[in-house]
Amino acid sequence: MRPSTSPRSAVQSSHPVPPPSEQEQYAAQFTQLDKEALATVLAAVLITVLFWAAIYFTADMQSNILAMPLWFVISCLGGYLFSIVVVVVLVTKFMSNCRLDVPSLQQLEHTQSNAPLEPESAAADDNKQQQQQQHKDA
């Protein structure tokens, strides 16, 4: 006969999920940045297309608003207000807080291999050897 396992014991026996490694955090950071960059480029294209469409479709109209041609009011002033709305939507819907202290891949590789980031000069090596020798003599 098999002992029954309750949901409580199943949860207790499960292994905890390890936190993401630094490389996974680094990759996730750039994935998010790529999404934000794509959304920003698409927003810029949308604003540009609407700007030129407003000019194209209203250029022949002889209407004026506050002594300014309609194409100017719609494309420039309306485009400015539209771009503000688009930026607000970008910031609230697509952008997210990100850590600015995520180490670079070069730093991650350095910590994993314990190798220096750049080869040290011979003078620095000699200086270290002299310090080590003085430490041993003391």
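A residue counts as buried under 20% relative accessible area, as exposed over 50%, and as partly exposed in between. The exercises below apply this to a predicted model.

**Exercise 1.** Determine whether Ile-84 is buried, partly exposed or exposed, and state where Ile-84 is found.

*Solution.* The relative accessible area of Ile-84 is 38%, so this residue is partly exposed. Ile-84 is found in helix α3, which covers residues 70–94. Together with Tyr-80, Leu-81 and Val-88, Ile-84 makes a nonpolar surface patch of about 410 Å².

**Exercise 2.** Describe the secondary structure of the spans to which UniProt assigns the feature "transmembrane region".

*Solution.* The unreviewed UniProt entry places this feature at residues 37–58 and 70–91. In the model, residues 37–58 are 100% helix and 0% strand, with the end C-alpha atoms 32 Å apart. Residues 70–91 are likewise 100% helix and 0% strand, and there the end C-alpha atoms lie 30 Å apart.

**Exercise 3.** Classify the pair formed by the rings of Phe-51 and Trp-52, and then the pair formed by Trp-71 and Phe-72.

*Solution.* With centres within 6.5 Å as the criterion for pairing, the count comes to three aromatic pairs. For Phe-51 and Trp-52 the centres are 5.2 Å apart and the planes stand at 85 degrees, so the pair is edge-to-face. Trp-71 and Phe-72 also form an edge-to-face pair, at 6.1 Å centre to centre and with 90 degrees between the planes.

As for accessibility, Phe-51 is partly exposed at 26%, whereas Trp-52 is exposed at 53%. Trp-71, at 31%, is partly exposed, and Phe-72, at 28%, counts as partly exposed.

Technical notes:
Residues numbered from 1 in each chain as written. Predicted model: local features only at pLDDT ≥ 70, side-chain atom pairs only at ≥ 80, totals over all residues. Heavy atoms only, no water. UniProt positions renumbered as here; feature names shortened; annotations may be inferred. Helix = DSSP H or I, 4+ residues; strand = E, 2+ residues; numbered from the N terminus. Patch = residues over 30% accessible without salt bridge, like charges linked within 9 Å, V, L, I, M, F, W, Y side chains within 5 Å. Areas by Shrake-Rupley, 256 points an atom, 1.4 Å probe, with all protein chains shown as cover. Salt bridge = Lys/Arg side-chain N within 4 Å of Asp/Glu carboxyl O. Buried < 20%, exposed > 50% of the residue type's maximum accessible area, 1.4 Å probe, protein only. Phe/Tyr/Trp six-rings, centres within 6.5 Å; stacked < 30°, edge-to-face > 60°.
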